[in-house]
Amino acid sequence: MLESGPRHRDPSRCSRVLDRAAPSAETLALAMLVGAIPTALVNAAAIALFVPAPRAGWSLRMAHHAYDAVGVFGVAGLVAAMPALADVLVRRWPWLGARRLRQTAWLGFAIATTLAMHGLVGVDLERQGNAVLDGRLSWLLAPVYGGLVGLAVPAACVIGAGLAALGGAFVWLGIAASLGLIAGHHFVLRDDYPGVHAAIAWAGAVLFGSTLAWRVRGCLGRGRARTVSVLAGAAVLAAIHVAPPNAVRLELFRESGAVAAWVLAKHVWRPPRLDRIDGDTSSAALHCGSRAATASASIPQSASPPALAARLTPSLHRVALPTAPVVVLVTVDAMRADVLFPREHDARFPNLVRLRDGGAYFPRAIAHGSQT
């Protein structure tokens, strides 16, 4: 006879489900590094297709590719350190989750990636929250948007691990979807919203890496795993401490989809040296630039451009100064016309008022973009 009565749940079943849904710290770190490979390759292809060859020659283009690749693997190494650090903290202080080390480390990683994602697109999400219902629910929508976008990376890890567990065609589905994200964002929102590009590329790289991490981990022994760790650490150190010259830095920002340089420039690299002329970092050029600055300080402002060039020629040697007037165009995106007209706001914007009154002012202008 079959026994009747209430069925009791296996108390370890929920724990097993959580273990499967929460990848280990090693898998998470490896997923970041594996996902950097297609990201760097797609960036190289995008640079070759969309960025015209520099006038300085192929040496500058090769430096462009090299710094972009180092930046991609350096950023991936920094992100890969987050799950490893979470795992170390959990093991160091067992009271954080001694019974469920993996789940606790996974939770720490999810929180860290959510905060990092907020740093990338937080301003854009806040703007979107203010655009709905005239901003009346921005206090609610902005955190909701931030939470949903912040969970993109942990969700990509779980989806990739699930597709890898299913095997077969599901693995190829994960690879195709991840490559679509990694390559697709290069074709949309070009020259705009670098944080959005970074968020999409990050989620795609994590999806690719988590789908193939278990295969790569099976191919790596202990010795090869240490080699990968050393190489990742070297890429991190190079990306942090070896900032590109100004000429290379300008090339890096010509492809908006290659966002590793933007992340490093915003959070890691020091601002570029303004005394470096045309990307030349030699001591002769720096000395020449300092002599030019010293010489120009003694020239009256009323000097004409040809006279100014004649006075500075002995000091500048090979640096050519412009003989025509230098025009600086200052633009402000999406500024309402009623900020400067009528004059009721003049006291709040004295610098803009001086530019308006001292230059050309057009009271009627039409913008081609509807969002402007």
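# Close-up views of the predicted model

View 1. Leu189 lies in the loop between α7 and α8, where helices (H or I, at least four residues) and strands (E, at least two) are DSSP runs numbered from the N terminus. This is a predicted model, in which local features need pLDDT of at least 70 and side-chain atom pairs pLDDT 80 or more, while totals for chains, interfaces and linings use all residues. Residues are numbered from 1 along each chain as its sequence is written, and side-chain values use heavy atoms, without hydrogens or water. Leu189 is not a glycine, yet its phi is positive, at about 50°. The residue is partly exposed, with a relative accessible area of 44% (buried is under 20%, exposed over 50% and partly exposed in between, for a 1.4 Å probe and protein chains only). Tyr193 is placed in the loop between α7 and α8 as well. Tyr193, again not a glycine, has a positive phi of about 50°, and its relative accessibility of 31% makes it partly exposed.

**View 2. The aromatic pair of Phe50 and Phe187.** The search of the whole structure returns 1 aromatic pair. The ring centres of Phe50 and Phe187 are 5.5 Å apart and the ring planes stand at 90°, so the pair is edge-to-face (centres within 6.5 Å for rings of Phe, Tyr and the six-membered ring of Trp; planes under 30 degrees apart are stacked, over 60 edge-to-face, the rest tilted). Phe50 belongs to helix α2 (residues 25-50) and Phe187 to the loop between α7 (169-184) and α8 (194-219), so the pair ties together parts that are 137 residues apart in sequence. Phe50 is partly exposed at 33% relative accessible area, whereas Phe187, at 57%, counts as exposed.

**View 3. Arg190 between Phe50 and Glu255.** The charged end of Arg190 sits over the ring of Phe50, at 4.6 Å from the ring centre (NZ of Lys or CZ of Arg within 6 Å of the centre and within 35 degrees of the ring normal). The side chain of Arg190 also makes a polar contact of 3.0 Å with the side chain of Glu255 (N or O atoms within 3.5 Å, one able to donate a hydrogen and the other to accept it). Glu255 is located in the loop between α10 (246-252) and α11. With a relative accessibility of 1%, Glu255 counts as buried.

**View 4. The largest pocket.** The largest pocket holds about 1,100 Å³ of space (an open set of 1 Å grid points where a 1.4 Å probe fits, with protein on both sides within 12 Å along at least five of seven lines; lining residues have an atom within 4 Å of a point). The lining comprises 25 residues, and those closest to the pocket centre are Val332, Met335, Leu340, Tyr361 and Phe362. By residue class, the lining of the largest pocket consists of 18 nonpolar, 3 polar and 4 charged residues.

**View 5. The second largest pocket.** The second largest pocket contains about 560 Å³ of space. Its lining has 28 residues, with Val75, Ala76, Val79, Trp202 and Val263 the closest to its centre. At least two lining residues come from each of α2, α3 (58-92), α4 (101-131), α8 and α11 (260-267). Helix α3 gives the most, with 6 residues. The lining of the second largest pocket divides into 20 nonpolar and 8 polar residues, with no charged residue.

View 6. Pro245 occupies the loop between α9 (222-241) and α10 and is partly exposed, at 27% relative accessible area. Its C-alpha lies 9.7 Å from that of Ala63, although the two residues are 182 apart in sequence. Leu250 is part of helix α10 and, with 61% relative accessibility, counts as exposed. From C-alpha to C-alpha, Leu250 and His64 are 9.3 Å apart in space, with a sequence separation of 186 residues.

**View 7. The chain as context for the close-ups.** The secondary structure of the chain amounts to 14 helices and 0 strands. Of the 372 residues in the chain, 34% are buried.

Conventions. Grid points are joined across faces, edges and corners, and a volume is the space filled by probe spheres set on the points. Ala, Val, Leu, Ile, Met, Phe, Trp, Tyr, Cys and Pro count as nonpolar, Asp, Glu, Lys and Arg as charged, and the others, Gly among them, as polar.
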